[in-house]
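Hello,

Here is the structure you asked for. My notes on it follow below.

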Amino acid sequence: MTSTLCIADHCGITGQHAEGCTDTKCRGCLPRPAADGLRLCEVDTRRLAEDARTAAVLHEELALTLIRRGRGGERVASSSLSAPVPDDEVMEARQAIRATLVSLVRIIADERGLHLPADEVSALGAYVAHHAVWLAAHGAADEHARDLRDIAGDPRTRRLAYPAGTDRLYIGDCPLIVADLDGANPGPCGTRLHAYGDQPFVQCTGCGTEETVEWWQRQLVGEAPVEVDAYTAAADLSLRHRREVTPAMLRKWAFKGDVKPLGKDGKGRTVFDLNELRGHAKKLWEQVAA
């Protein structure tokens, strides 16, 4: 019995080619088998969720580069009396991310008869990620995979979000418990935290807390953490080694067998032993630096 193949445009097994492929530069174009009951393979089903979350993060990161800056880092205005000028490319990229997520959210809510999430891009991304398996079985699964890959993997968008030479380093989301003005509904602040260059302090723009990077690190991962998700681990390693570390990099280490995932947490995220990750990163980067 012939297996149904994944219909995602970008799906391909490295080194294996579809019948009739004559491209000598092709790295592999034979799609992986689709997962049971789905139109996408397991890898591209997982990518649906990852791309939705990544797109939401990029939307937030782009907000920090929305205002054009001059060579010295100062904000650029059209005249001495004008407000700073928004960057058209950044605005366009943010609009594309939001429009794509909104479109997918409406498809999910309308066809499944579900309530809409909060009208915030972070909530939209989480909503789409939560319904990734359903999207992978949808009649337009290939379009959904392509649309999410476009907004999450576009190198132009990433260059806008993380301009060359930037000294801004993401270290995690603020874990401090805050409440509303009436003192009710306490919960994590959740604002993204960034360290800048050699500055010893990091300020949360959400709750206003300003502390040393070491203090924030203790709040984010604790004194002796054991199991952490890939996002928390990536932020911890980014701060320790002063280089960008992404969850995708940690998953690559796991795929190569350099580290061993411990399973999934309550939100379906892969968790790792942080001490094992720290040990591998130290061996990998400190030996190279030496």
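A residue is called buried here when its relative accessible area is under 20%, exposed when that area is over 50%, and partly exposed in between, using a 1.4 Å probe and protein chains only. The model is predicted, so local features need pLDDT of at least 70 and side-chain atom pairs count only at pLDDT 80 or more, while totals for chains, interfaces and linings use all residues. Residues are numbered from 1 along each chain as its sequence is written, and side-chain values use heavy atoms, with hydrogens and water left out.

Cysteines

A disulfide is taken as a pair of cysteine sulfur atoms within 2.5 Å. By that rule the count is 0 disulfides. C11 is in none; its nearest cysteine sulfur, that of C6, lies 3.7 Å away. C11 is also buried, with a relative accessible area of 5%. The sulfur of C174 is 3.8 Å from the closest cysteine sulfur, in C204, which is too far for a bond. C174 is buried too, at a relative accessible area of 1%.

Nonpolar cores

A nonpolar core is a set of buried Ala, Val, Leu, Ile, Met, Phe, Trp, Tyr and Cys residues joined through side-chain atoms within 4.5 Å. The largest one has 37 residues, of which L40, L48, L62, I97, L101, V128 and L148 touch the most other members. Helices and strands are DSSP runs numbered from the N terminus: helices are H or I with at least four residues, strands E with at least two. Two or more residues of this core come from each of α1 (42-63), α2 (88-112), α3 (121-130), α4 (132-137), α5 and α6. The largest share, 9 residues, is from α2. Counting contact as heavy atoms within 4.5 Å, V128 touches A52, L101, L104, V105, I108, L135 and L148, leaving aside residues up to four places away in sequence. A second, separate core of 16 residues includes V228, V245, L250 and F272.

Helices and a loop

D154 sits in the loop between α5 (141-153) and α6 (155-161). D154 is buried, with a relative accessible area of 15%. Its side chain makes a polar contact of 2.9 Å with that of R156. Such a contact is a pair of N or O atoms within 3.5 Å; within protein, one must be able to donate a hydrogen and the other to accept it, and residues adjacent in sequence count only if both atoms are side-chain atoms.

In helix α7 (residues 213-221), the buried residues are V213, W216, Q217 and V221. They cover an arc of only 105° around the axis, which puts them on the same side of α7. The arc is that of the directions from the helix axis to the C-beta atoms.

Sheet

Two strands pair if DSSP finds at least two bridges between them. An open sheet of 3 strands has the order β7-β9-β8, with antiparallel pairing. β7 and β8 are at the edges with a single partner strand each, so one side of each has no neighbour in the sheet. Strand β7 (residues 227-229) is joined to β9 (residues 270-273) by 3 bridges; among the pairs are E227 with D273 and D229 with V271. Strand β8 (residues 263-264) is joined to β9 by 2 bridges, and K264 has T270 as its partner in β9. The hairpin of β8 and β9 has 5 residues between the strands, and G268 there takes a positive phi near 80°.

Regards
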